[in-house]
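Keep the sequence and the 3D view side by side.

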Amino acid sequence: MGGKREIQAAGEVHRFGFSVVTAFAGSSSERADFINPNAPEDFRRVCRAAAANGELRGVVSLWSLDAPIDDAPMAVERAAATNCQSILNLAQALTNARDIGSPRLWITTRGAQAAGTVRPMDLASAPLWGFVRSLAAEHPELRCGLMDLDPAEKAQDVEALVSEL
């Protein structure tokens with residue numbers, strides 16, 4: 001689920017033999033592949049559609065990858081709330097729809113965790129790490145995985161992601 005970088009990643013994942021369904025943040029009344037991050041029914045609809053050809057093995061959320069890094073307090077607060085709400089809605093859709101299988105949930109961020117030399121951090125995505133850890137404790141059946149990519153986008157990012165899947 002995501003934007004421009006996510007489309008590139010989805011294409012690469014598909015090339016490795018995985019079935020891919022993409023969904024983008026937006027109004028579901030505009031296009032069927034748009035999801036309102038605050039609308040749980042949109043997440044349920046997309047999860048059911050993704051499982052239409054068989055059981056889901058995994059779901060990868062890449063939404064935070066295309067978000068601009070903006071450290072203005074109000075922008076960070078809004079983006080962090082949207083990030084966490086969208087993952088909550090996705091997790092609820094996965095745990096409540098038993099007919100779609102038991103997919104593993106992966107959340108991917110970029111620059112949400114400090115590592116190595118000091119670089120700009122994505123402050124809006126950092127709270128996802130705590131949220132997903134709590135989610136993993138409450139819903140071990142989701143087998144939640146977290147992957148934080150280097151803030152300096154690299155060609156190997158998609159390969160690293162696919163190797164984890």
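**Around isoleucine 100**

Leaving out residues up to four places away in sequence, isoleucine 100 touches Cys47, Arg48, Ala51, Glu55, Leu56, Ala93 and Leu94. Contact here means heavy atoms within 4.5 Å. This is a predicted model: local features need pLDDT of at least 70, side-chain atom pairs count only at pLDDT 80 or more, and totals for chains, interfaces and linings use all residues. Residues are numbered from 1 along each chain as its sequence is written, and side-chain values use heavy atoms, with hydrogens and water left out.

Now widen the view. The largest nonpolar core has 24 residues, and Ile100 is among those that touch the most other members, along with Leu90, Leu94, Leu105, Leu135 and Leu142. Two or more residues each come from α2 (40-50), α3, β4 and α4 (126-138). The most come from α3, with 6 residues. A separate second core has 9 residues, including Ala9, Leu62, Leu149 and Val158. A nonpolar core is a set of buried Ala, Val, Leu, Ile, Met, Phe, Trp, Tyr and Cys residues joined through side-chain atoms within 4.5 Å. Buried means under 20% relative accessible area, exposed over 50%, partly exposed in between (1.4 Å probe, protein chains only).

Next, the loop between α3 (73-96) and β4 (104-110) holds alanine 97. Alanine 97 counts as buried because its relative accessibility is 12%.

Finally, the whole chain. The protein has 5 helices and 5 strands, in the order α-β-β-α-β-α-β-α-β-α. Helices (H or I, at least four residues) and strands (E, at least two) are DSSP runs, numbered from the N terminus. Of its 165 residues, 41% count as buried.
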